[in-house]
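Q: I'd like a close look at one part of this protein, the charged pairs. Could you walk me through them?

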Amino acid sequence: MYAILDIETTGGQFNEEGITEIAIYKFDGNEIVDQFISLVNPEIPIQPFVIKLTGINNEMLVNAPKFYEVAKRILEICNGCILVAHNSSFDYRILRTEFRRLGYDFQTNTLCTVELAQKLLPEQPSFSLGKLVRALGIPMADRHRASGDALATVKLFKLLLSKDTSKTIVKELIKTEVEKGISPKLLDIVESLPSKTGVYYVHKEDGTIIFIAKSKNIKRAVNKHFIGDSRISKKIQAEVFTVTFEETATELIGIIKERTEVVENKPELNKVTNKSIYRWGLYEELNDEGFRVLNIKKADRFRKEISLFATLPEAKSMIEMAVEDFYIIPSLLKIGFELEVKSNNTIPLVEIYNQRVEDLIKHVQIDGKTFFIRERGRTIHERSAILVEDGICKGYAFFDLNYQVLNVNVLKNILIPIKHTSDIKNILQAYILKNKNLKIVYL
């Protein structure tokens, strides 16, 4: 759990400043679960330049609570949390100073979003909060007010968590929980998980990830591991300390995220192989009458396929789509598969028919195309996007505003990058085939 905060002060000499406003958002890694926002009477005058910067003046604070009146609430919301702030050394110092004046030694672990951004977004020209969130297209209101800056930091931190594909941040959180003696039981772990689409990570006590998987229902998938008797399930039951997760909103992002992060993190219970799982291919050939005939055959690396598929049923469903949407007659006698041909009992002319095959191939293949796939997001206000540039999948992103996705430079800034492989290409092509109402925006 994280306590993401921002503090406004009076200004003045080092360690003599007073707090004028504080905002804290308790964040579980996916959403805000609690918050505290308040003006604070510092009992000392505010420096003139600070009044100009924040808009907070002495008159506004006359009836505001003094720090000792809000101290208990601050301790309550920060209890058991890692403190997160943009330039956390400043906020942490101010908070410790105020508690020290009350005779209390406030201590907790901290994370700085400036340092995290420098590591995970090294290409950014500036790491000031205002310039950074502007470059990332993150909406920001009430700049230099505690609530506005803290909420922008929440959104920035959420993006940084997604960018952290090696899960360094989450591993540090787990180490902190171990230090505090927090050891959730299996039932508690399951109860803490959502019944949503996403990727989940099984951790040992030292934070190491031993298993990664995607699911349309994270809670149900993890529960199956906890009651299962397979080799992997028994290993998970014996070694699990906690399970973390990331919602992906869509199955496509879940599949891509799982594949790329298994390769990067190499969990001991995930089988990592360079061998392709795509064993079936869709091929075309000319028959004696000059028609371009489609056939499903075992994948052949010496032939150029239209698309590859992991299973035969998946390949058959693609052909069903071709019959439905493109009126294409498949030749599948070799594998004993028959379909009702919807061609109005009339065999079209070779030129017309072959153009239908060409249209299908263009629809399926992503080679050379630049576009993004737009789907739902993790919340009602959010959307997701997967960017493909010149046929190469660059990554995925979640966004709140159309500006973020229609401005390619901003979109690239917020992308969680992935390494494009032939598997990723096939995942995308198969997904496009299965979802004919998919929103695809060509750039």
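Which side chains meet in a salt bridge at 3.0 Å, N to O?

A: Happy to, with one note at the start: this is a predicted model. The salt bridge you ask about is made by the side chains of K235 and E239, at 3.0 Å from N to O. Both residues belong to helix α10, and they sit 4 residues apart, about one turn of the helix. R231 is exposed, its relative accessible area being 62%.

From here we can move on to a pair that links separate elements. The side chains of E246 and K257 form a salt bridge of 3.2 Å, N to O. Because E246 is in strand β8 (residues 242-247) and K257 is in helix α11, this pair ties together parts that are 11 residues apart in sequence.

E251 and K216 meet through their side chains in a salt bridge of 3.9 Å, N to O. E251 lies in helix α11 (residues 251-265), while K216 is in the loop between β7 (209-215) and α9 (218-227), so this bridge ties together parts that are 35 residues apart in sequence. E251 is partly exposed at 24% relative accessibility, whereas K216 is exposed, with a relative accessible area of 56%.

For contrast, take a charged residue without such a partner. E375, in strand β12 (residues 371-376), is buried yet has no salt bridge. The nearest side chain of opposite charge is R376, 4.8 Å away, and a salt bridge needs the nitrogen within 4 Å of a carboxyl oxygen. What E375 does have is a polar contact of 3.0 Å between its side chain and that of Y431. Leaving out residues up to four places away in sequence, E375 touches T250, L252, R383, S384, Y431 and L438.

To set these pairs in the whole, the structure holds 23 salt bridges, and the protein chain has 16 helices and 16 strands. Of its 443 residues, 52% are buried.

Key
Residues numbered from 1 in each chain as written. Predicted model: local features only at pLDDT ≥ 70, side-chain atom pairs only at ≥ 80, totals over all residues. Heavy atoms only, no water. Helix = DSSP H or I, 4+ residues; strand = E, 2+ residues; numbered from the N terminus. Buried < 20%, exposed > 50% of the residue type's maximum accessible area, 1.4 Å probe, protein only. Lys, Arg positive; Asp, Glu negative; His and termini not counted. Polar contact = N/O pair within 3.5 Å; in protein donor to acceptor, adjacent residues only side chain to side chain. Contact = heavy atoms within 4.5 Å.
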